[in-house]
Amino acid sequence: MSRFLKEQYQKLEAYTPGEQPRDMAYIKLNTNESPFPPAPSVVAAMTARQVEDLRLYSDPTAKGLREKLAGLYQVAPENIFLSNGSDDILNFAFMAWGQKGALFPDITYGFYPVFAELHGVEYLELPLKSDFSINKEDYLYRNKLIVITNPNAPTGMSMDLSAIEEIIRTNPESPVVIDEAYVDFGGISCYPLIEKYENLLVVRTFSKSRCLAGGRLGYAIGAKELIADLEKIKYSTNPYNINRLTMLLGEATVDAEDYYQEKCREIIRVRQQTAARLRELGFTVLPSDANFIFAKSGRICGEKLYFELKKRGILVRHFTKERIREFNRITIGTEAQMEKFCNTVAEILEEQA
Ligand SMILES: *Cc1c(COP(=O)(O)O)cnc(C)c1O
């Protein structure tokens, strides 16, 4: 750190992304990427011509992609905001709407407190109930910026749509941001509620269910006025926030909806299989609607299991926070990868015994 850094940033504790190691080929079950490639039509959309065209700026209005997404969700293009990964949108949300403070669960996406700190937003981390579900009552009539991941991460657990609606309805003076990064794996989206509530912003990403984590593409669906706020910040920071290649691949992705829905069904099937196998091995597995499961063994501590798996070429995500340190978050890979994972876990447990 230099002595020139603004004081407010000196104490900032940056977000730690999951490992992206280059030392060997791991079975990577640690950052919730898709084990599948993008649809063949998406891969084919990238041509030498498209690369040559990189000399030109991208379309700052992202018109084509916006219209495609608007068509998919039956909303107006003015209800859609596009960004360089959905993290950008979450960042903008804290920047734009944090003046009265923010609320989110104690166990959720670790980036929220970082954004709050970055923008000097006061925040409260409200404890999940003992079963790791979100306590709806904590979020009613609060009139602060509310950010909820649904399904939640790293638990994978969903909140009822009726509970979400009650939170939105009882906080009319503040935006409610619902981060639906994992909704395609069995959750129910609340985006139709944007018709009814002007304080709802639904945040989505192409990184998980759309197999495009490295392309960096996220979007939000919300009332036109909220979208206009985000646009204002975008045009004040980085108008060309989405590169031409990603925009192109994003459009091809929306056109290949069937392919992605099939891959999501496959992930759900393998998730159920993996959870059942882990339960047979004595694990507690939280009920997941995401492309990962959150599990703890009564026989080996969370951190030890993480290290033993890593030694054997399998990466999962371990968090050190007190309440969840016995757990690991395991991304669902292909059926073959998960079979290898389960067999390896069984071996490790046997060696322990
Ligand atoms: C992965 C993830 C995101 C961010 O994804 P981007 O790659 O930035 O689009 C946002 N929220 C949650 C809860 C996530 O897990």
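**Disulfides.** I looked first for disulfides, meaning pairs of cysteine sulfur atoms within 2.5 Å, and the count came to zero. The model I am reading is predicted, so I note that local features need pLDDT of at least 70 and side-chain atom pairs pLDDT 80 or more, while totals for chains, interfaces and linings use all residues. Residues are numbered from 1 along each chain as its sequence is written, and side-chain values use heavy atoms, with hydrogens and water left out.

I then checked two cysteines one by one. For Cys264 the closest cysteine sulfur is that of Cys211, at 7.7 Å, which is too far for a bond. For Cys342 the closest cysteine sulfur belongs to Cys301, and at 19 Å that is also too far for a bond. I use buried for under 20% relative accessible area, exposed for over 50%, and partly exposed for what lies in between, with a 1.4 Å probe and protein chains only. Cys264 is buried at 5% relative accessibility, and Cys342 is buried at 3%.

Helices (H or I, at least four residues) and strands (E, at least two) are DSSP runs, numbered from the N terminus. Strand E10 covers residues 292-297, and five of its six residues are buried. I count two strands as paired if DSSP finds at least two bridges between them. Strand E9 (residues 283-285) runs antiparallel to E10 and is joined to it by three bridges, with Val285 having Ala295 as its bridge partner in E10. The two strands, E9 and E10, form a hairpin, and six residues lie between them. E10 also pairs with strand E12 (residues 327-331), in the antiparallel sense and over five bridges; there I found Lys296 opposite Phe327 of E12.

**Two domains.** I noted a division of the chain into domain 1 (7-37 + 258-352) and domain 2 (40-256), with bounds that come from an automatic or database domain assignment. The contact between them, meaning heavy atoms within 4.5 Å, takes 33 residues from domain 1 and 36 residues from domain 2. Taken over C-alpha atoms, the centres of domain 1 and domain 2 are 24 Å apart. The size of an interface is often given as the accessible area lost when the parts come together. Here I read a buried area (the accessible area, with a 1.4 Å probe, that two parts lose on being put together, summed over both) of about 2,800 Å², and carbon and sulfur atoms give 66% of it.

**Salt bridges.** I count a salt bridge where a side-chain nitrogen of Lys or Arg is within 4 Å of a carboxyl oxygen of Asp or Glu. The whole structure holds 22 salt bridges by this rule, and two cross the interface of domain 1 and domain 2. Asp106 and Arg323 form a salt bridge at 3.0 Å, N to O.

Which residues did I find paired at 2.6 Å? They are Glu231 and Arg66, whose side chains meet in a salt bridge. Glu231 lies in helix H8 (residues 224-235) and Arg66 in helix H4 (residues 63-73), so this pair ties together parts that are 165 residues apart in sequence. Glu231 is buried at 16% relative accessible area, and Arg66 is buried at 16%.

Lys321 and Glu125 form another salt bridge, with the closest N and O atoms 3.9 Å apart. This pair links distant parts of the chain, 196 residues apart, with Lys321 in the loop between strand E11 (314-315) and E12 and Glu125 in strand E4 (residues 123-126). Lys321 is partly exposed at 39% relative accessibility, and Glu125 is partly exposed at 34%. I also noted a network of salt bridges that links Lys304, Glu308, Lys311, Arg312 and Glu351.

**Backbone angles.** Most residues other than glycine have a negative phi, and most peptide bonds are trans. I therefore listed some departures from this pattern. Asn150 and Pro151 are joined by a cis peptide bond with omega of about -5°, and Ala153 and Pro154 by a cis peptide bond with omega of about 5°. Pro151 lies in the loop between strand E5 (145-149) and helix H7 (161-169), and Pro154 lies in the loop between E5 and H7.

Phe132 is not a glycine, yet its phi is positive, about 70°. Tyr141 has a positive phi too, near 55°. Phe132 lies in the loop between E4 and E5, as Tyr141 does. Is each of them buried or exposed? Phe132 is buried at 11% relative accessibility, whereas Tyr141 is exposed at 61%.
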